Amino acid sequence: MIFHGIEPEHAILAGLWRRECPEALRTPEIPNKQSQLRWFESLENSNHRYWGCVEGEKLVAVAGLTYISWDNRSAEISLIVDPEQKKKGFGREAVERTLAMGFGRMNLEVIYGECYECAHNVGFWRKALPTRTTWVDLPDRKYWNGEYWGSHYFSVRRA
């Protein structure tokens with residue numbers, strides 16, 4: 001898998017993938033082409049870094065580090081995988097490469113994230129993250145389909 005700077009077409013594809021799993025999103029808005037292009041344009045002056053994850057000639061995921069705090073040397077991990085490419089190891093590899101980018105190239109100390117129980121992706125994150133990851137369960141973090149769901153917050157310190 002090759003990591004390279006995110007392109008406008010990557011942002012549009014990521015938006016289509018995000019539409020398929022709204023239960024995992026932080027925002028209630030359903031992404032569309034225009035909103036994804038606005039998001040892409042906003043990255044230039046933001047404290048977020050995203051990469052297109054390409055296997056062969058195909059974009060298989062978009063990974064990122066968001067809300068980067070240079071003072072605290074921390075950031076939140078972000079990942080969306082092409083639904084057709086799930087369970088092929090691309091997500092796990094993207095997580096490993098993103099952690100390596102954050103700790104190795106960006107000199108971060110902590111990378112954290114949160115996954116909602118309604119998204120049913122906790123198993124993925126538990127397998128993809130290193131054993132040194134700290135986990136905390138939080139109640140009532142996401143309102144989805146008429147009920148509140150808990151989340152699993154995680155934090156990974158540099159090894």
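Predicted model: local features only at pLDDT ≥ 70, side-chain atom pairs only at ≥ 80, totals over all residues.
Let me start with arginine 26 and glutamate 76, which form a salt bridge whose closest N and O atoms are 2.4 Å apart. This pair links distant parts of the chain, since arginine 26 sits in the loop between α1 and α2 while glutamate 76 belongs to strand β4, 50 residues apart. Arginine 26 counts as partly exposed because its relative accessibility is 47%, whereas glutamate 76, at 8%, is buried.

Next comes glutamate 114, which forms a salt bridge with arginine 141, the closest N and O atoms being 2.7 Å apart. Glutamate 114 lies in strand β5 and arginine 141 in strand β6, so this pair ties together parts that are 27 residues apart in sequence. Salt bridges that share partners join Arg26, Glu76, Glu114 and Arg141 into one network.

A further salt bridge is the one between aspartate 82 and lysine 58, with 3.4 Å between the closest N and O atoms. Here aspartate 82 is in the loop between β4 and α3, and lysine 58 is in strand β3. Aspartate 82 is buried, with a relative accessible area of 5%.

What about glutamate 84, buried or exposed? Glutamate 84 is found in the loop between β4 and α3, and it counts as exposed because its relative accessibility is 62%.

Finally, lysine 86 lies in the loop between β4 and α3, and together with Lys87, Arg92 and Lys127 it forms a positive surface patch.

Methods:
Residues numbered from 1 in each chain as written. Heavy atoms only, no water. Patch = residues over 30% accessible without salt bridge, like charges linked within 9 Å, V, L, I, M, F, W, Y side chains within 5 Å. Areas by Shrake-Rupley, 256 points an atom, 1.4 Å probe, with all protein chains shown as cover. Salt bridge = Lys/Arg side-chain N within 4 Å of Asp/Glu carboxyl O. Lys, Arg positive; Asp, Glu negative; His and termini not counted. Charge placed at Lys NZ, Arg CZ, Asp CG, Glu CD. Helix = DSSP H or I, 4+ residues; strand = E, 2+ residues; numbered from the N terminus. Buried < 20%, exposed > 50% of the residue type's maximum accessible area, 1.4 Å probe, protein only.
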